[in-house]
Amino acid sequence: MWTREELKSNAKMILKRTYWMGFVACLIFAFLCNGSSLGNTLSRRNREGINMEDFFSTEVLSPEIFSMITGVLGIFAAVSVVYSIFIAYPVIVGKNRFFMASREQDPELRNIFHAFTSGSYFNVMKSMFLMELYTGLWGLLFVIPGIIKHYEYFFVPYLLSENPAMETKRAFELSKEMSNGRKWDIFVMELSFFGWYLLGALCCGIGVFFVSPYYEASMAELYAASRAYVLQNGIAGTIELFGYRN
């Protein structure tokens, strides 16, 4: 079906034409979806010399202030979840569309926001939410099954990027077919970028942004190969997977 070396080689060929637009797309994606977590913000205690266990103890804070702080943190957590569902999930799908469409035509940044303008925004949002929910629940019950589910649903955001109106159940079915027997290979494919991301992180973290287009283009090639498999074997048809032409 496909080999890791072949997919990466194809990605490099595409990036000769699309790298810098892909770089900008990854920056936009990072800005919209990968903001600093509350935990990272609170980690500043190391610089300020504050022991958080002591800080949050009732010996330092009154019960009223403690309740107020926990309430504020709860609001931040709730806002983060809502933002992920309504904004981040559709942007993830749009990012995948950008890199898939860029394989065949000049890259257009507006593809990142395709889910919002496709007329199927709520279907994309619902499908992505259920994917994350099911994966998270499996992960809470058992770690290994959670990892397996992650790779079973791996192609759902790509399927939605091509066909935002695809029913959730059907997207799950096709993703399962695409990943059947190849979950370990997909895992190794992702793992092969660890060294690149580690090197990027060592360069003051900035280098990560330069690696991201290579990763995303390679994952797009992975979906393209898996898409070709289900089309060639009659598992899906062009009425469902109709391409990325604007």
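Me: Which residues is Asn123 in contact with, leaving aside its neighbours within four places in sequence?
Reply: This is a predicted model. In it, Asn123 touches Leu160, Pro164, Ala165, Met166 and Thr168. Asn123 itself sits in helix α7.

Me: What makes Asn123 count as buried?
Reply: Its relative accessibility is 17%. Buried means under 20%. Asn123 therefore counts as buried.

Me: Why does Trp20 count as exposed?
Reply: The cut-off for exposed is over 50%. Trp20 has 55% relative accessibility, so the residue counts as exposed.

Me: How many aromatic pairs does the structure hold?
Reply: There are 20 aromatic pairs.

Me: Why is the pair of Tyr19 and Trp20 called edge-to-face?
Reply: Take the centres first. They are 5.0 Å apart, and a pair needs centres within 6.5 Å. Now the planes. They stand at 85°, and over 60 degrees counts as edge-to-face. So Tyr19 and Trp20 form an edge-to-face pair.

Me: What makes Phe154 and Phe155 an edge-to-face pair?
Reply: Their ring centres are 5.3 Å apart, with the planes at 85°. The limits are within 6.5 Å for a pair and over 60 degrees for edge-to-face. Phe154 and Phe155 are therefore edge-to-face.

Me: Are Phe154 and Phe155 buried or exposed?
Reply: Phe154 has a relative accessible area of 10%. Phe155 has 0%.

Me: Which cluster do ring pairs link Phe154 and Phe155 into?
Reply: The cluster also holds Tyr151, Tyr158, Trp184, Phe187 and Tyr223.

Me: Which residues touch the most other members of the largest nonpolar core?
Reply: That core has 54 residues, and the ones in question are Leu159, Met219, Leu222, Tyr223 and Leu241. Helices that each supply at least two residues of this core include α1, α5, α7 and α13. Beyond its neighbours within four places in sequence, Leu159 contacts Met166, Ala171, Leu174, Ser175, Met178, Tyr223 and Leu241.

Me: How do you know that α12 and α13 are roughly antiparallel?
Reply: Helix α12 (residues 194-202) packs against helix α13 (residues 207-232) at about 155°, and their axes are 7 Å apart. Angles over 145 degrees count as roughly antiparallel. That is why α12 and α13 get the label.

Me: What classes of residue make up the contact of α12 with α13?
Reply: Seven are nonpolar, three are polar and none is charged. From α12 come Trp196, Tyr197, Gly200 and Ala201. They meet α13 residues including Val208, Val211, Tyr214 and Tyr215.

Note on methods: Residues are numbered from 1 along each chain as its sequence is written. This is a predicted model: local features need pLDDT of at least 70, side-chain atom pairs count only at pLDDT 80 or more; totals for chains, interfaces and linings use all residues. Side-chain values use heavy atoms; hydrogens and water are left out. Axes are lines fitted to C-alpha atoms, for helices over the stretch in contact, and angles run from 0 to 180 degrees between N-to-C directions. Helices (H or I, at least four residues) and strands (E, at least two) are DSSP runs, numbered from the N terminus. Angles under 35 degrees count as roughly parallel, over 145 as roughly antiparallel, 65 to 115 as roughly perpendicular and the rest as oblique. Contact means heavy atoms within 4.5 Å. Ala, Val, Leu, Ile, Met, Phe, Trp, Tyr, Cys and Pro count as nonpolar, Asp, Glu, Lys and Arg as charged, and the others, Gly among them, as polar. A nonpolar core is a set of buried Ala, Val, Leu, Ile, Met, Phe, Trp, Tyr and Cys residues joined through side-chain atoms within 4.5 Å. Buried means under 20% relative accessible area, exposed over 50%, partly exposed in between (1.4 Å probe, protein chains only). Rings of Phe, Tyr and Trp (its six-membered ring) pair if their centres lie within 6.5 Å; planes under 30 degrees apart count as stacked, over 60 as edge-to-face and the rest as tilted.
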